[in-house]
Amino acid sequence: MTPELTRRQLGLAALHTAAALGLTRIGLTTATAAEDPPAARYAPAIVVGSGYGSAVAALRLGQAGVRTVVLEMGRLWDTPGPDGKVFPSTSAPDQRSMWYRTRTEAPLATFLWLDVVNRDISPYPGVLDRVNYGDMSVYVGRGVGGGSLVNGGMAPTPRRSYFSEVLPQVDADEMYGTYYPRARAMLGVNSVDPDWFESTEWYRFARVSRKHAQNTGLKTTFVPNVYDFGYMQREAAGTAPRSALAGEVIYGNNHGKKSVDKTYLAAALGTGNVTIETMQRVVAVRPDPAGGYVLTVRTSDTTGKVTQVRELGCDRLFLGAGSLGTTEILLRARETGALPALSDRVGQNWGTNGNVMTARANHLWDTVGANQATMPALGIDDWDNAANPVFAEIAPLPMGIEHWISMYLAITRNPERGHFTYDAATDSARLQWTRDQNAPSVAAAKNLFDRINLRNFTMYRYDLFGDNKAFADTFTYHPLGGCVLGEATDGYGRVKGYRGLYVTDGSLVPGSLGVNPFVTITALAERNMERILAEDPR
Ligand code: FAE
C-alpha cells in the first residue's frame, strides 16, 4: 500500500465520521470528536475552495507539514437524504440539486418544447450552481469537491501542440512527462473496456453517433474518465447499485465517480495537517500589517442565513475558488483598495473553452436506446482540421425512453474573450460577454454538424435548448481564465504584487484548452505547488 493510499483511507474515514455527526469542520481529529472543534483564527496556510486546484494545494501543503485550513462555501456531500441517497437523480431533482433555487435550471430547457425537464424545488445549498451573467451562464459545482461532484468525469489531456500555444511559458516536457501522469494517477483516470463498449446497450447512443461521424469521414476517439468503468460494468451486470446507469450526473453521483473528496482531499485530510470547513464563504482579503493575510469569512446555515462573520489570518493564501470565485475575490480586493497593487490583468482573458451544445434527430431505424450511461466515453475529434477545429463529446440523454436524439458538447476554438468588472452596488464581479462573442463557436459546431447531417440525411433538434435554437450558446461548463498565468500571476501562480498569495485553479488558464479542462487544472496545480513549496519561504 502506498503512503498516499493509507492517508486517503484515513481521510475518507474522517469525511464519513464528520458527515455522520453533521460537523462543518473536518479533520483527522473529528474522526473521534462528537462536536465541531472551535473555529480557527489563524492558520499557516488557507486554501479557498475545494475543487481540483484547491485539492492539490491542500494535499501538497499537508504533506509538506504545513497546517492548512480549506474553506468551502458549499456543504459536505456525504449524508443520505430521506430517500437514502446522498444525491438526487437528474430525472427527479429536489432541493439537493441546485444552489439556493426555487426551480432547477438544467442545461436542457425543454423536451418536445414542453416544460418537463425542470422542477420547483425549495432553496437549499444544492450541489450545482448556474451563475447567470446576462448573455452567458456558467455551471459550477458547490460543495467539498467543487466541480468534481457534478461533472461528466471526462479526463482528456489536450493536444500538446495546442497546450503549448495556449500556455507557451509552461515547459511542455515537464507537463507531459511528469505532471499530467501524476494528475491522472491521483485522479483515478481510467478507460472503458472497448469490448464492453461495443456490446453494451448503455453505449448504443455513442456507437450510433460514431457511425454517423464515420459516414462523414470523421474520426472518433475514446475519452478517459474518472468514473470507475469496472464499477459501471458491475452496475450493468446487476451486482452493484446503479449510479451512471441510473441517470445520475449533474446533480452528483452516488457511486462510481472518483470526485476529489474521495482522492486528493481524502489524502490531504489523512496527512493530519489539513482541516476542511464547510459553508464558509470568503468575501474579502486584506494584507495583515504583521505579515500574511486576513480573510473575512461568512458562515451560513442551510437556509442561507449568515450565522457568523469572522476574520481569519494566514501566512499564505491559496485561491482555488474556481475561475469565477477566485477572480471575484481578487477583483473586489483590487477595486475596493484592499489589495491595490494587484495587476490590471486580474479579471481579464476569460473564456468559455468554446463550449456549445447541439442535438440531432436520427432516423427511426437508428435507435439510440432507452438505456444510456451518463458518463460520456467517446468524442468526435476534428481538432486537427485547421479551418474548423472541433472536439465534440458524444453526450448521453438518458430519459428512460427511446428518443432518437444524438446530443453533443462541442469544444471549439473561439478566440473571443470576456472580462470581469466590479459592481460596487452589489459587491460582485460582472462578466462582460455578449451573445455575438459566441458566434465563432456556433459557426464551428454548425460547420461540423451540417456535414454530419448532410451525409446522414438527418436534421437538428430545435426543441431542447429554448427559443427554437439548435445550438445552446448561452452557457458554459468550462469557465477558464480571469487570473491568467504569466499575466495576473507569475509563471507559477504567484499573484503579482503580493508575496504569499497564490492562484491554483482554472482561472490560470487563458480561456481555451481544446478539451475538457480538469486534468489540466490539476496537473498545472501539481506543477505550481511543487515549485512554490520548494522555493517560497514558509
Ligand atoms: P472548482 O472545481 O469550480 O472549485 C471551486 C470551489 O470553490 C467550489 O467548490 C466552490 O463552491 C468554491 N468557492 C467558490 N467561491 C468561494 C468562496 N468565495 N469562498 C469559499 N469557497 C468558494 O474549481 N471538466 C472536465 O474536465 N470534464 C468533464 O467531463 C466536465 N464536465 C462538467 C460538467 C458540469 C455539469 C460542470 C459544471 C463542469 C464540468 N467540467 C468538466 C468542468 C470542471 O468541473 C471544472 O473545470 C473544474 O471543476 C474547475 O476546477 P477548479 O479547481 O478551477
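This is a predicted model: local features need pLDDT of at least 70, side-chain atom pairs count only at pLDDT 80 or more; totals for chains, interfaces and linings use all residues.
Local features need pLDDT of at least 70, side-chain atom pairs count only at pLDDT 80 or more, and totals for chains, interfaces and linings use all residues. Residues are numbered from 1 along each chain as its sequence is written, and side-chain values use heavy atoms, with hydrogens and water left out.

Trainee: Which residues come nearest to the ligand?
Mentor: Near means a heavy atom within 4 Å. The shell has 16 nonpolar, 18 polar and four charged residues (Ala, Val, Leu, Ile, Met, Phe, Trp, Tyr, Cys and Pro are nonpolar; Asp, Glu, Lys and Arg charged; the others, Gly among them, polar). Of the 38 residues around the ligand, the nearest are Glu72, Gly147, Met154, Gly506 and Phe518.

Trainee: How far from a ligand nitrogen atom does a backbone N or O atom of Met154 lie?
Mentor: Polar contacts are pairs of N or O atoms within 3.5 Å. Met73 places a polar backbone atom 3.2 Å from a ligand nitrogen. For the backbone N or O atom of Met154, the distance is 2.8 Å.

Trainee: How much of the ligand's accessible area does the protein cover?
Mentor: Areas come from the Shrake-Rupley method with a 1.4 Å probe. On its own, the ligand has 990 Å² of accessible area. The protein covers 95%.

How values were computed: A polar contact is a pair of N or O atoms within 3.5 Å; within protein, one must be able to donate a hydrogen and the other to accept it, and residues adjacent in sequence count only if both atoms are side-chain atoms.
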